[in-house]
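Work through these exercises with the structure open beside you. Each task is followed by a solution in steps.

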Amino acid sequence: AYPEAEFFLRAQSSTRVQESVASQQFDLGFAETPEKSELYSAKDFQLMTVIALREDHPLSSLPVLTAEDLDGVPFATHLPDHHLTRKLKATFDSAGFQLKIPFYLQNAASQHALVESGQAVGFMSLLSVWIYKQLNQNQTGKQVVFRPFSPQINQTVSLITPVHRSLSQICQQFTYDFEVSITDIISKTAQEFHVNAFEFN
């Protein structure tokens with residue numbers, strides 16, 4: 001729509017994204033669980049998380065998976081200090097079952113190959129489900145399927161904009177379109193699981 005516009009994208013950790021937007025260096029950031037700040041405003045999205053399994057995995061026949069189902073099953077998930085990994089571990093500990101994690105990874109996309117190979121099950125949010133399906137919609141071979149985890153563990157992702165940096169009209173439009181797209185992606189992906197799987201404020 002705006003062929004003369006210039007777009008600069010930098011991929012960083014969520015902490016660095018927060019710092020970059022807070023220091024007014026960027027017009028828009030997308031990050032996990034940002035801390036409250038007077039230097040930026042945040043639009044939050046609450047995402048459900050799911051278990052990723054190869055389609056021929058014995059547990060793929062279950063509609064919902066629990067810590068008991070996954071007792072001692074090898075996991076590929078986020079790094080040990082990631083909030084989702086901590087929540088998952090706390091859930092297993094409180095239920096009295098073993099969370100076995102041989103693969104700690106930087107991001108959810110890194111889990112895909114391990115899940116496809118059958119070495120582990122994965123743990124990720126709806127956005128990661130959508131990304132996997134976009135990348136693999138025309139692929140053949142063993143595919144990954146996704147099952148809700150109970151009790152539900154949610155992930156917060158936020159669209160953040162600087163408070164003290166005036167956004168151009170084209171940036172305001174892009175920010176609006178980005179929010180609409182994320183909402184649409186989450187809503188459509190959630191329909192697969194027959195639950196109200198997202199909220200935003």
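**Exercise 1: A strand residue**

Leu53 is found in strand E2. Strands (E, at least two residues) and helices (H or I, at least four) are DSSP runs, numbered from the N terminus. This is a predicted model, where local features need pLDDT of at least 70 and side-chain atom pairs count only at pLDDT 80 or more, while totals for chains, interfaces and linings use all residues. Residues are numbered from 1 along each chain as its sequence is written, and side-chain values use heavy atoms, with hydrogens and water left out.

Task: Decide whether Leu53 is buried or exposed, then list what Leu53 touches.

Solution: 
- Step 1. Take the cut-offs: buried is under 20% relative accessible area, exposed is over 50%, and partly exposed is in between (1.4 Å probe, protein chains only).
- Step 2. Leu53 has 0% relative accessibility, so Leu53 counts as buried.
- Step 3. Contact means heavy atoms within 4.5 Å. Not counting residues up to four places away in sequence, Leu53 touches Leu59, Ser60, Leu65, Val115, Val121, Gln143, Val144, Val145 and Arg147.
- Step 4. Ser168 is 115 residues from Leu53 in sequence, and their C-alpha atoms are 44 Å apart.

**Exercise 2: Nonpolar cores**

Solution: 
- Step 1. A nonpolar core is a set of buried Ala, Val, Leu, Ile, Met, Phe, Trp, Tyr and Cys residues joined through side-chain atoms within 4.5 Å.
- Step 2. The largest such core has 21 residues. Phe45, Val50, Leu127, Phe146 and Ile186 have the most contacts inside it.
- Step 3. E2 gives the most, with five residues.
- Step 4. A second, separate core has 18 residues, including Leu65, Leu88, Ile101 and Val121.

In soluble globular proteins, nonpolar side chains tend to be buried together.

**Exercise 3: Salt bridges**

Task: State which parts of the chain the Glu179 and Lys43 pair ties together.

Solution: 
- Step 1. A salt bridge is a side-chain nitrogen of Lys or Arg within 4 Å of a carboxyl oxygen of Asp or Glu. The whole structure holds seven of them.
- Step 2. In the bridge between Glu179 and Lys43, the closest N and O atoms are 3.4 Å apart.
- Step 3. Glu179 is in helix H5 and Lys43 in strand E2, so the pair joins parts 136 residues apart in sequence. Lys43 is partly exposed, at 26% relative accessibility.
- Step 4. Turn to Lys133 and Glu192, whose closest N and O atoms are 2.3 Å apart. Lys133 lies in helix H4 and Glu192 in the loop between H5 and strand E9 (198-200), so this pair ties together parts 59 residues apart in sequence.
- Step 5. Asp93 and Lys89 also form a salt bridge, with closest N and O atoms 3.0 Å apart. They are separated by about one helical turn, because they sit four residues apart in helix H2 (residues 83-95).

**Exercise 4: Confidence**

Task: State where pLDDT (the predictor's confidence in each residue, from 0 to 100) stays under 50.

Solution: 
- Step 1. The protein chain averages a pLDDT of 89, and 95% of the residues score at least 70.
- Step 2. pLDDT stays under 50 over residues 196-201. The model has 18 contacts beyond four places in sequence for this stretch.
- Step 3. Where pLDDT is low, the predicted coordinates should not be read in detail.
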